[in-house]
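Here is a friendly note for a colleague who is opening this model for the first time. Please keep the view at hand while reading the points below.

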Amino acid sequence: MSDLICLLLNLATLVLFAWIILSYVVNFGRLPWGHPVRKIYDTLSSGINPILVPIRRVLPPLRTGSMALDLSPLVLFLGIMVLRSIIC
């Protein structure tokens, strides 16, 4: 059972990392709406955003001038790492 949980936590880490990279590609690459990369990003976002919303309520994006830095993916990543160190 522990191996299955470790596998799921590793998968969650990979999915989160892919979502972070794709968010930069989508936001700075100016991809059209029908682009396959945008579809993958939207699919990953539909699974990750419900997890990030509670974190964003507690830790809103940091404002630095005209831009904001969202730390919620980092907090989620650290949470997964803590769980992996405890369980695996």
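1. Let us start with Trp33, which sits in the loop between H1 and H2; helices (H or I, at least four residues) and strands (E, at least two) are DSSP runs, numbered from the N terminus. At 71% relative accessibility, Trp33 counts as exposed. The cut-offs are these: buried is under 20% relative accessible area, exposed is over 50%, and partly exposed is in between, with a 1.4 Å probe and protein chains only. Arg38 lies over the face of Trp33, 4.4 Å from the ring centre (a charge sits over a ring if NZ of Lys or CZ of Arg is within 6 Å of the ring centre and within 35 degrees of the ring normal). The C-alpha atoms of Trp33 and Phe17, 16 residues apart along the chain, are separated by 22 Å.

2. A word on the source: this is a predicted model, in which local features need pLDDT of at least 70 and side-chain atom pairs count only at pLDDT 80 or more, while totals for chains, interfaces and linings use all residues. Residues are numbered from 1 along each chain as its sequence is written, and side-chain values use heavy atoms, with hydrogens and water left out.

3. For the overall picture, the protein has three helices and two strands, in the order α-α-β-β-α from the N terminus on. Its C-alpha atoms fill a box of roughly 40 × 30 × 15 Å, taken along the principal axes. Of the 88 residues, 23% are buried.

4. How many aromatic pairs does the structure hold? There are two; rings of Phe, Tyr and Trp (its six-membered ring) pair if their centres lie within 6.5 Å, and planes under 30 degrees apart count as stacked, over 60 as edge-to-face and the rest as tilted. Trp19 and Tyr41 form a stacked pair, 6.2 Å centre to centre with 10° between the planes. This pair links distant parts of the chain, with Trp19 in helix H1 (residues 2–29) and Tyr41 in helix H2 (residues 36–58), 22 residues apart. Trp19 is buried at 5% relative accessible area, and Tyr41 is buried at 14%.

5. Tyr24 and Phe28 also form a stacked pair, with 6.0 Å between centres and 20° between the planes. Because they are four residues apart in helix H1, Tyr24 and Phe28 are separated by about one helical turn. Tyr24 is partly exposed at 49%, whereas Phe28 is exposed at 65%.

6. Do look at Ser45 in helix H2, which is buried at 8% relative accessibility. Leaving aside residues up to four places away in sequence, Ser45 touches Trp19 and Pro50 (contact means heavy atoms within 4.5 Å).

7. How are the helices arranged? H1 and helix H3 (residues 72–87) pack at an angle of about 160°, with their axes 10 Å apart; axes are lines fitted to C-alpha atoms, for helices over the stretch in contact, and angles run from 0 to 180 degrees between N-to-C directions. H1 and H3 are therefore roughly antiparallel (under 35 degrees is roughly parallel, over 145 roughly antiparallel, 65 to 115 roughly perpendicular and the rest oblique). Residues of H1 including Leu9, Leu16 and Trp19 meet residues of H3, among them Leu76, Phe77 and Ile80.

8. H2 and H3 pack at about 110°, with their axes 9 Å apart, so they are roughly perpendicular to each other. Here Ile51, Leu52, Ile55 and Arg56 in H2 meet Ser72, Pro73, Val75 and Leu76 in H3.
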